[in-house]
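Welcome, and thank you for stopping by. Please take a look at the model below, and then let us walk through it together.

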Amino acid sequence: MRIVIAGAGSVGRYMARQLSRAGHTVDLIDNDPRAVARAESQSFPFQVLLGDACEVETLEKAGVREADVLAAVTGDDEDNLVISLLAKQEFGVPRVVGRVNNPDNEWMFNDMWGVDVSVSTPHLLTALVEEAVSVGSFVRLLSLEHGHCQLAEVTLAPTSPAVEQSISSLPLPREASIVAVVRDGHVVAPHGELVLKADDEVLVLMIAEAEPAVEVVLVGRTS
Amino acid sequence: VSEPNVQPISAADGRSQIRVMGTVVRWRTQPVEALPRLEIVIEDESGRATVVWSGRRRLGGVHLGGRLIVEGVPVASKQGPTFVNPEYSLVASH
């Protein structure tokens, strides 16, 4: 795939390294000569361009017109939004990923600003901490399709109504699907006859509206 | 109506600037509490395209059955080509 990354800070450089190592064609943009120099000093086969990614000409030069993915990962949310919008509006990039620095800005990282997927480190950290401390409650891991769809995780408490039930017998709404069960560190395929146990980590893919119903089925209480 | 440089909507499958003309067959706006966004579908003999304007709930002259020329870079999506905030002009009905 052809990938353009805007922002050559530690996040952008790490992504460029990993993605070019995985065989993708990567172009990295930054307007700070020091960041560009640091990225160039790495012996990886990605292109580094000095320029302002908030300008159409720079994006054009970086090959955004042919890019399959653009990732706006600068440390500045305003810049990330402008870059995302330009990528979508002016270059029709099929997949635009935006980095949220300040969680207060996350509400803007959606299709209104051309963002297909937003990644917010503070939210992610909160989710991971919640995941570590909570058994028997719902943890949202990832939102997809502009937030219409989400991946959530529940570690089943012994009191969960889903314990000792087979997956096919759970009254899950149609818009929700169990996509994996992690048991004793192994991923178990979620076939209908699988009987859930306490401490199972159940991963559910669902549309946002289905969440309360799913919570009733897997956690048991209505919140 | 013959307009210069207008191409059939079915040609809007690439990542390059294109000018298409079509009739508005769907018109959808957002409720007051949601973020403003206007989404329409235009159609010609060759196909359909979605057009989205963010930050607007309505645009003067853009209504069901109206004809538009839209110019921009389409994004491929499941619903076919989508134009995001393209330039547009209204075509007089005849």
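**A walk through two chains**

Chain B has zero helices and seven strands, where helices (H or I, at least four residues) and strands (E, at least two) are DSSP runs numbered from the N terminus. Read from the N terminus, its elements follow the order β-β-β-β-β-β-β. The radius of gyration of chain B is 13 Å, close to the 12 Å that the globule rule gives for 94 residues, so chain B is as compact as a globular protein of that length. That radius is taken over C-alpha atoms, and the globule rule is 2.2 Å times the number of residues to the power 0.38.

Before going on, a word on where these values come from. This is a predicted model, in which local features need pLDDT of at least 70 and side-chain atom pairs count only at pLDDT 80 or more, while totals for chains, interfaces and linings use all residues. Residues are numbered from 1 along each chain as its sequence is written, chains are lettered from A and ligands numbered from 1 in the order in which they are written, and side-chain values use heavy atoms, with hydrogens and water left out.

Back to chain B: its C-alpha atoms fill a box of roughly 40 × 30 × 20 Å along the principal axes. Of its 94 residues, 41% are buried; buried means under 20% relative accessible area, exposed over 50%, and partly exposed in between (1.4 Å probe, protein chains only). Contact means heavy atoms within 4.5 Å, and among contacts in chain B between residues at least 6 apart in sequence, 48% join residues at least 24 apart.

One such link across the sequence is a salt bridge between Arg19(B) and Glu71(B), whose closest N and O atoms are 3.4 Å apart. Here a salt bridge is a side-chain nitrogen of Lys or Arg within 4 Å of a carboxyl oxygen of Asp or Glu. Arg19(B) belongs to strand 1 (residues 18-28) and Glu71(B) to strand 4 (residues 67-72) of chain B, 52 residues apart. Glu71(B) is partly exposed, at 24% relative accessibility.

Now turn to chain A. Its secondary structure comes to six helices and eleven strands, and its C-alpha atoms fill a box of roughly 60 × 35 × 30 Å along the principal axes. Buried residues make up 47% of the 223 residues in chain A.

Which residue forms a salt bridge with Glu211(A)? The partner is Arg140(A), with the closest N and O atoms 2.7 Å apart. This pair links distant parts of the chain, with Arg140(A) in strand 7 (residues 138-144) and Glu211(A) in helix 6, 71 residues apart. Arg140(A) is partly exposed, with a relative accessible area of 47%, whereas Glu211(A) counts as buried at 12%. The side chain of Glu211(A) also makes a polar contact of 2.6 Å with the side chain of Gln150(A). A polar contact is a pair of N or O atoms within 3.5 Å; within protein, one must be able to donate a hydrogen and the other to accept it, and residues adjacent in sequence count only if both atoms are side-chain atoms. Gln150(A) sits in strand 8 (residues 149-155) and is buried, at 8% relative accessibility.

Another salt bridge in chain A joins the side chains of Arg183(A) and Asp200(A) at 2.7 Å, N to O. Arg183(A) lies in strand 9 (residues 176-183) and Asp200(A) in the loop between strand 10 (186-188) and strand 11 (201-207), so the pair ties together parts that are 17 residues apart in sequence. Both Arg183(A) and Asp200(A) are buried.

Finally, see where the chains meet. The contact takes 17 residues from chain A and twelve residues from chain B. About 1,200 Å² is buried between them, with carbon and sulfur atoms giving 51%; this buried area is the accessible area (1.4 Å probe) that two parts lose on being put together, summed over both. Arg65(A), Gln89(A) and Met112(A) supply 43% of the area that chain A buries against chain B, more than any other three residues.

How many salt bridges are counted between chain A and chain B? The count is one, and its partners are Asp111(A) and Arg37(B), whose side chains meet at 3.0 Å, N to O. Across this interface there are also eight residue pairs in polar contact, both residues being at pLDDT 80 or more.
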